[in-house]
Amino acid sequence: MAVWIVLPLVFITAIAIAAAVFFAGWDLLGARELKPEHRVDSKTLFDLVKLSFGVVAGAGAPR
């Protein structure tokens with residue numbers, strides 16, 4: 001396949017996986033009998049973003 005087809009597909013897939021990990025982490029914040037927070041501070045939000053992109057980068061590293 002041509003690079004101009006594969007590259008956007010890989011990029012979109014990476015963004016989709018990062019979003020899925022982000023929202024899974026977001027959902028898990030209240031799943032373990034923690035006191036629900038109506039507001040998430042910026043540090044926690046930034047940590048979730050770093051984690052979601054770290055998972056995507058780690059998944060692509062072995063290849």
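The following legends describe close-up views of a predicted model.

**View 1. The salt bridge between K43 and D47 in helix α2**. K43 and D47 form a salt bridge in which the closest N and O atoms are 3.3 Å apart. Helix α2 comprises residues 42-60, and K43 and D47 lie 4 residues apart within it, so about one helical turn separates them. K43 is exposed, with a relative accessible area of 56%. D47, by contrast, is partly exposed, and its relative accessible area is 32%.

**View 2. The salt bridge between D47 and K50**. D47 also forms a salt bridge with K50, where the closest N and O atoms are separated by 3.5 Å. Both residues belong to helix α2 and stand 3 residues apart, about one turn of the helix. K50 counts as partly exposed, its relative accessibility being 46%. For D47, the relative accessible area of 32% likewise corresponds to the partly exposed class.

**View 3. The salt-bridge network of K43, D47 and K50**. These three residues, K43, D47 and K50, are linked in a network of salt bridges. D47 takes part in the pair with K43 and in the pair with K50. A search of the whole structure finds 2 salt bridges.

**View 4. A24 of helix α1 and its separation from L48**. A24 is located in helix α1, which spans residues 3-28. With a relative accessible area of 37%, A24 is partly exposed. Along the chain, A24 and L48 are 24 residues apart, and the distance between their C-alpha atoms is 9.7 Å.

**View 5. The buried residue S52 and its contacts**. S52 is part of helix α2. The relative accessibility of S52 is 2%, and this residue therefore counts as buried, the cut-off for that class being under 20% relative accessible area. When residues up to four places away in sequence are not counted, S52 touches A18, V21 and F22.

Definitions and conventions:
Residues numbered from 1 in each chain as written. Predicted model: local features only at pLDDT ≥ 70, side-chain atom pairs only at ≥ 80, totals over all residues. Heavy atoms only, no water. Salt bridge = Lys/Arg side-chain N within 4 Å of Asp/Glu carboxyl O. Helix = DSSP H or I, 4+ residues; strand = E, 2+ residues; numbered from the N terminus. Buried < 20%, exposed > 50% of the residue type's maximum accessible area, 1.4 Å probe, protein only. Contact = heavy atoms within 4.5 Å.
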